[in-house]
Amino acid sequence: MFGYVNANIRELSKPQRERYNAVYCGICREIHAGCGSLCRLGLSYDMTFLALLLMSLYEPEEASGPRACALHPIRPKRWVSSPAIAYAADVNVALAYYQSLDKVQDDGSLLGKAGSRIFGRPLPEIEQRLPRQCRGIREALAALGELERENCPDPDRCANLFGALLGEVLVYREDLWEPTLRQLGLYLGRFIYLADAMADYRRDAKKGSFNPLLAAHMEPDAARWDEILVLAMARATREFEKLPLVQDKAILDNILYSGVWCSLPGRKKEDGA
């Protein structure tokens with residue numbers, strides 16, 4: 001379901017691209033160090049947005065440097081390390097586990113079974129570090145699973161549950177920024193869930209799989225669907241702009257105002273909204 005909250009790489013400057021990729025590499029290194037090499041199979045660029053957002057908001061101390069790795073053995077890649085990056089790594093693995101488990105429960109997916117074994121090994125330690133977040137992910141996915149089994153005809157109910165999940169994840173600390181981050185997660189999660197439902201509409205119709213838009217008898221309508229997504233993202237960016245972000249703000253702007261739209265099926269990577 002993830003894969004939508006990415007940068008429009010072509011619109012980033014060279015230093016911005018290097019920073020974006022260094023944060024991604026930092027998350028990869030943290031997953032490898034804390035959870036094992038195989039857990040990097042679940043690595044998502046969406047977590048780069050999470051790390052950049054939290055580093056810009058809280059400005060934790062960072063370390064960085066170039067280093068070769070198994071994936072890039074010849075040319076060293078620059079990485080960044082910080083508490084926010086370690087948090088994003090834990091969240092990445094937890095989400096990968098629960099999504100794998102969801103696939104197993106849906107249709108006995110072999111890929112899901114393999115993923116649940118791989119990502120399940122470090123999960124107890126992650127749950128100890130992030131009990132609130134992991135509980136929120138579990139409860140939201142369980143409720144979503146129930147709606148799917150009921151063939152729920154209300155896309156908003158499904159999208160709001162996924163938004164609640166993402167809101168829980170975005171809340172790094174329970175402080176004065178919690179309400180804004182939770183609302184940002186709600187609307188961004190709605191965007192992701194509905195965009196994914198739209199992207200999978202024809203495939204789900206062919207396979208007879210649950211899709212909230214199919215259940216609601218919403219026929220494919222590009223103009224109407226664009227309007228729904230624009231509204232969700234407008235509400236997300238309204239909350240985003242309330243945060244006092246300076247560091248990496250340009251990269252975060254690129255992701256939310258351009259990159260998310262480029263990630264939609266049928267959009268060219270150089271196109272914005």
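User: In this predicted model, is Glu59 buried or exposed?
Analyst: Glu59 has a relative accessible area of 53%.

User: What is the phi of Glu59?
Analyst: Glu59 is not a glycine, yet its phi is positive. The value is about 50°.

User: How many residues of helix 2 are buried?
Analyst: Helix 2 runs over residues 46-58 and is mostly covered. A residue counts as buried under 20% relative accessible area. In helix 2 the count is 13 of 13 residues.

User: How far apart are the end C-alpha atoms of helix 2, and what span should its 13 residues give?
Analyst: At 1.5 Å a residue, the 13 residues should span 18 Å.

User: At what angle do helix 2 and helix 12 pack?
Analyst: Two packed helices are described by the angle between their axes and the distance between the axes. For helix 2 and helix 12 (residues 249-262), the axes are 10 Å apart. The angle is about 140°.

User: Is the crossing of helix 2 and helix 12 left-handed or right-handed?
Analyst: The residues that meet are Phe49, Leu52, Leu53 and Ser56 from helix 2, with Ile251, Leu252, Ile255 and Leu256 from helix 12. The crossing of these two helices is left-handed.

User: Is Glu168 buried or exposed?
Analyst: Glu168 lies in helix 7, which spans residues 155-170. Its relative accessibility is 14%, and the limit is under 20%. Glu168 therefore counts as buried.

User: Which side chain makes a polar contact of 2.7 Å with that of Glu168?
Analyst: Leaving out residues up to four places away in sequence, Glu168 touches Tyr87, Arg132, Gln133, Gly136 and Arg182. The side chain joined to Glu168 by the polar contact of 2.7 Å is that of Arg132.

User: Where is His217, and what is its phi?
Analyst: His217 is found in the loop between helix 10 (212-215) and helix 11. With a relative accessible area of 67%, His217 is exposed. Although His217 is not a glycine, its phi is positive, at about 55°.

User: How is Arg238 classed by its relative accessible area?
Analyst: Arg238 lies in helix 11 (residues 222-240). Its side chain makes a polar contact of 3.5 Å with the side chain of Glu239. The relative accessible area of Arg238 is 45%, which means that Arg238 is partly exposed.

User: What distance separates the C-alpha atoms of Gln105 and Cys35?
Analyst: Gln105 lies in helix 3 (residues 83-107) and counts as exposed, at 58% relative accessibility. Gln105 and Cys35 are 70 residues apart along the chain. Their C-alpha atoms are separated by 24 Å.

How values were computed. Residues are numbered from 1 along each chain as its sequence is written. This is a predicted model: local features need pLDDT of at least 70, side-chain atom pairs count only at pLDDT 80 or more; totals for chains, interfaces and linings use all residues. Side-chain values use heavy atoms; hydrogens and water are left out. Helices (H or I, at least four residues) and strands (E, at least two) are DSSP runs, numbered from the N terminus. The expected span of a helix is 1.5 Å times one less than its number of residues. Buried means under 20% relative accessible area, exposed over 50%, partly exposed in between (1.4 Å probe, protein chains only). A polar contact is a pair of N or O atoms within 3.5 Å; within protein, one must be able to donate a hydrogen and the other to accept it, and residues adjacent in sequence count only if both atoms are side-chain atoms. Axes are lines fitted to C-alpha atoms, for helices over the stretch in contact, and angles run from 0 to 180 degrees between N-to-C directions. A crossing is left-handed if the near helix is turned anticlockwise from the far one by less than a right angle, and right-handed if clockwise. Contact means heavy atoms within 4.5 Å.
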